[in-house]
Amino acid sequence: MSTRIRAIPSTLSAKASPLVPPPSKAFDPAVKAVLRHRLTYNIFLSSLAFAWVQVVVLYIWTLGGLQNIGLQGLISMPFNLPVILVAVLAWFTTAVPVLVLRKSCLTAHQPVQTSPLKTLQAALRRSSTRQAFMTYLFSAACATALHVFVSRTSEAMDPRLNIFVKSKKHPTYLNGRLLFLILSQFSVSCVALLRSTMMDRLVFRWPSHPNKPITIGDYMRVMTVVTVLATVSILLSLPLFPILRIFLRLPFIRTLLKPFVAHFAKGSYSFVLLFRNLALLGRAWVLAWSTLSIWEVAEMIFDSYVSRPISISSPETVVSGVSSSDMVFRYFAYAEITPAKIFTASTSILWPALCRESLITLGRDYQHFLRRGAPPLVPLLPPIAPAPQVNIPSTPLKALHQPIFRAQAQSPVQKVINSLAGNSGAEVPDALKSVIPKPPPTSNLSRYIPQLKVPPWFTQDRPSKIVESLLPTRDLDLLIVDVLSRITVASLTDDKYGVIQRDIPKILEAMCVFLEEIEAYQRDMPLGDDEERQKAAEILGRMAEGLQEGISRVVRTFGIKLNAFKFPPRVARKLQGFLDYL
């Protein structure tokens, strides 16, 4: 009987290599948790603080300033319970809807339109534009209702902002002063929507200085813009009231709404009414300014906090973010990738995933730029050879387009119809020409319709927008180039097994080819001194400088050691120029 052989026990165990987790389970939830925390504790609280300060200032101004309330009233005003409640209501009905709209409709990228007309046409086709308009209308209506309530409860004199006029004879007549405030707020909503559309505020704004805090200068700039927008809104709302009066004079509308608006259809259209109601214009301007200021400050705070980098310590989690389906999350991932995180972890696992996704992104954007923004061509399948036809011998038949049965004598009209149906080429007799109906005469009405002259700047393509459409994700590309070049430079001393250095030819080829194409576009771009061409040149120059910095960083570090790699002739000539310059 043989002795059973038993394996020698050992404390050594085979540890599985850490793999890069999918972004939907690692990086995306971490980023969403950080953004949710920023929205709750930074964006909401900061906008609430601004609304509180604004309500305190408006209360002090409404009560007559420091002379009427005194120093003690000035100190206690911010902590007054009615003031705090009004501030919370103003923030909840004005700032929160706009912030929720930005959060729910924010996208990483939208097709860049090259002219203001195309921008408006594209915005009207999107459902997010309708959501934004309804949000602005709801917020403006709530701000109007809150202003009316505060004015009637805090002002010493009656602001005359009731829903109906104080008349015993006509108690159902609507108050014209309140209607003007509502129309002015409608104009404010339209102006805010137009500004949001032209600035593409529902698209993520790539930050030039990610960690820059909000300064007093930023608030002053926003207040200046708000002052201009409020003035424009009130000027645009002035024609709305006469237009409303003309609309109410229509027979059907006048009959339907006569118990409520009969007094608006009476009287003449005089500009004297404008000067008799300057106080109402001032009130409308203050309401428009307060509404727009809360909107603009909330937008500024949102842009500042959302675009700041997100700190994540795990290298595997950070690298998994480069393959995220959301381009904004990719930006956050590349912003956190450093050479230390790559070399302290398993380089053989993290680097292939990082390098592959980075080169795919650069290659896709390069192809988009090479096609000058055109969609990729769909490969055409070879045509299928038709099946051979078998010719069966048969006797040819001549088609007859006439009745085959003997009929009675036909009328002249029937003969003409049969001849036309049979393609016999018979002419219509002169006696029957009056029977055949003639086509109605076409009248050229376009010459009687006034042509709207659109200014050229509204329809022509802008060079800066054309360049932006060719490089839609240029900020992400520059960040990728910076990350790849820094890791490549650090691999000269930290990459012991040459995992990263074997991909140096691919990295330099991607950068050199992209740079060469941008330089060719810069040479072909027509020169000009206008502002749009300067913006286009600035965008191309920034992209070219980023690529040049990434290439020169690698060339300065490796120098003559690059001779150990094989490059295509086109790339080798480009690298030789960098070596000669250094």
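**A friendly note on this predicted model**

1. Searching the whole structure turns up 0 disulfides. Please keep in mind that this is a predicted model. A disulfide is a covalent bond between the sulfur atoms of two cysteines.

2. Next, a helix pair. Two packed helices are described by the angle between their axes and the distance between the axes. Helix α20 covers residues 474–494 and helix α22 covers residues 531–558; their axes lie 9 Å apart, at an angle of about 5°. Because angles under 35 degrees count as roughly parallel, α20 is roughly parallel to α22.

3. What do these two helices bring to their contact? On the α20 side, the residues include Leu-478, Val-481, Ser-485, Val-489 and Leu-492. On the α22 side, Ile-539, Met-543, Gly-546, Leu-547, Gly-550 and Val-554 are among them. Charged residues take part too, including Arg-474 and Asp-475 in α20 and Arg-542 and Arg-553 in α22. The contact of α20 with α22 divides into 9 nonpolar, 6 polar and 7 charged residues.

4. Now to the interior. In soluble globular proteins, nonpolar side chains tend to be buried together. Here the largest nonpolar core has 114 residues, and those with the most contacts inside it are Tyr-334, Ile-337, Trp-351, Leu-354 and Ile-487. Helix α12 (residues 278–306) supplies the largest share of this core, 15 residues.

5. Leaving aside neighbours within four places in sequence, Leu-354 is in contact with Val-319, Val-322, Tyr-334, Ile-337, Ile-342 and Ile-487.

6. The loop between α6 (176–198) and α7 (216–237) deserves a look, starting with Asp-200. Most residues other than glycine have a negative phi, and most peptide bonds are trans. Asp-200, however, has a positive phi, near 50°. At 31% relative accessibility, Asp-200 is partly exposed.

7. Val-203 sits in the loop between α6 and α7 as well. Is Val-203 buried or exposed? Its relative accessibility is 13%, so Val-203 counts as buried. Not counting residues up to four places away in sequence, Val-203 touches Leu-106, Thr-107, Ala-108, His-109 and Gln-110. Val-203 and Leu-106 are 97 residues apart in sequence, yet their C-alpha atoms are 5.6 Å apart in space.

Notes
Residues numbered from 1 in each chain as written. Predicted model: local features only at pLDDT ≥ 70, side-chain atom pairs only at ≥ 80, totals over all residues. Heavy atoms only, no water. Disulfide = S-S within 2.5 Å. Axes fitted to C-alpha atoms, helices over the stretch in contact; angles between N-to-C directions. Helix = DSSP H or I, 4+ residues; strand = E, 2+ residues; numbered from the N terminus. Parallel < 35°, antiparallel > 145°, perpendicular 65-115°, else oblique. Contact = heavy atoms within 4.5 Å. Core = buried A, V, L, I, M, F, W, Y, C linked by side-chain atoms within 4.5 Å. Buried < 20%, exposed > 50% of the residue type's maximum accessible area, 1.4 Å probe, protein only.
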